[in-house]
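User: I am new to this structure and would like a close look at a single part of it. Please take me through the nonpolar core and the strands around it.

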Amino acid sequence: MSFSRRVLSSLLTLTATLAFSSAALAHAHLTQQTPAANAALSEAPKALTLNFSEGVEQNFSKVVLLGPDDQPVATGKATLNASDDKQLLVPVNAPLKTGRYQVQWQVVSVDGHKTKGTYAFSIK
Ligand SMILES: [Cu+2]
C-alpha cells in the first residue's frame with residue numbers, strides 16, 4: 001500500500017468510528033434516577049423516576065423492580081412524564097421492606113434504538 005493509500009485508509013476508518021460513536025450517543029442512556037443508584041434510603045420510595053438522554057417510547061419501555069428476595073415487586077406501569085418524554089415514572093404500589101433492590105430498565109428511544117441497564121438501591 002502506498003503512503004497516500006494508507007492515509008486514506010486510516011481516514012476512512014476514523015470516519016467510520018466517529019459515525020458509529022455519534023450514532024451510539026443518540027441512544028437513550030440513563031442519565032439520572034431517583035432513588036439514585038447505590039442510594040441507602042431510610043424511607044421507602046413511593047415511585048421511581050428515570051431520566052434518559054433521549055426521548056423514549058412508553059409502549060416499548062419497561063422497568064422491573066426486584067426485591068431483596070430477587071422477586072419482582074408490584075409496581076404500576078412505567079409512564080412518560082407528560083411534559084418530558086425523557087422521563088419515565090414508575091409508581092411503587094407495595095410497601096418496600098428493608099433490603100437491597102435492583103431496578104432493571106429497558107427502553108426504546110424515539111430513534112428506535114433499544115438500550116437497557118440495571119442499578120440498585122437499598123432501604124435501611
Ligand atoms: Cu440511537
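Analyst: What follows describes the core, then the strands and their pairing, and lastly the metal site.

This is a predicted model, in which local features need pLDDT of at least 70 and side-chain atom pairs count only at pLDDT 80 or more, while totals for chains, interfaces and linings use all residues. Residues are numbered from 1 along each chain as its sequence is written, and side-chain values use heavy atoms, with hydrogens and water left out.

A nonpolar core is here a set of buried Ala, Val, Leu, Ile, Met, Phe, Trp, Tyr and Cys residues joined through side-chain atoms within 4.5 Å, where buried means under 20% relative accessible area, exposed over 50% and partly exposed in between, with a 1.4 Å probe and protein chains only. The largest such core has 22 residues, and those touching the most other members are Leu 48, Leu 50, Phe 52, Val 63, Leu 65, Leu 88 and Phe 121. At least two residues of this core come from each of strand 3 (47-52), strand 4 (62-66), strand 6 (84-91), strand 7 (99-108) and strand 8 (114-123), strands being DSSP runs of E with at least two residues, numbered from the N terminus. Strand 7 gives the largest share, four residues.

Leu 65 shows the packing in detail: leaving aside residues up to four places away in sequence, its contacts (heavy atoms within 4.5 Å) include Leu 48, Val 73, Leu 96, Tyr 101, Val 103 and Phe 121.

Turning to the pairing, two strands pair if DSSP finds at least two bridges between them. Strand 3 and strand 6 run antiparallel and are joined by five bridges, with Asn 51 having Gln 87 of strand 6 as its bridge partner. Strand 6 is also joined to strand 5 (residues 79-81), again antiparallel, by three bridges; Leu 80 stands opposite Leu 88, and strand 5 and strand 6 form a hairpin with two residues between them.

An open sheet of four strands has the order 2-8-7-4 with mixed pairing, and its edge strands, strand 2 (40-41) and strand 4, each pair on one side only. Strand 4 pairs with strand 7 in the antiparallel sense over five bridges, and there Val 63 stands opposite Trp 105.

Finally, the copper ion is coordinated by His 27 (NE2), Asp 111 (OD) and His 113 (ND1) at 1.9 to 2.8 Å, donors being N, O and S atoms within 2.8 Å of the metal (3.2 Å for Na, K and Ca); water is not among the atoms, so sites may look incomplete. Asp 111 counts as partly exposed because its relative accessibility is 36%, and His 113 does so at 34%.
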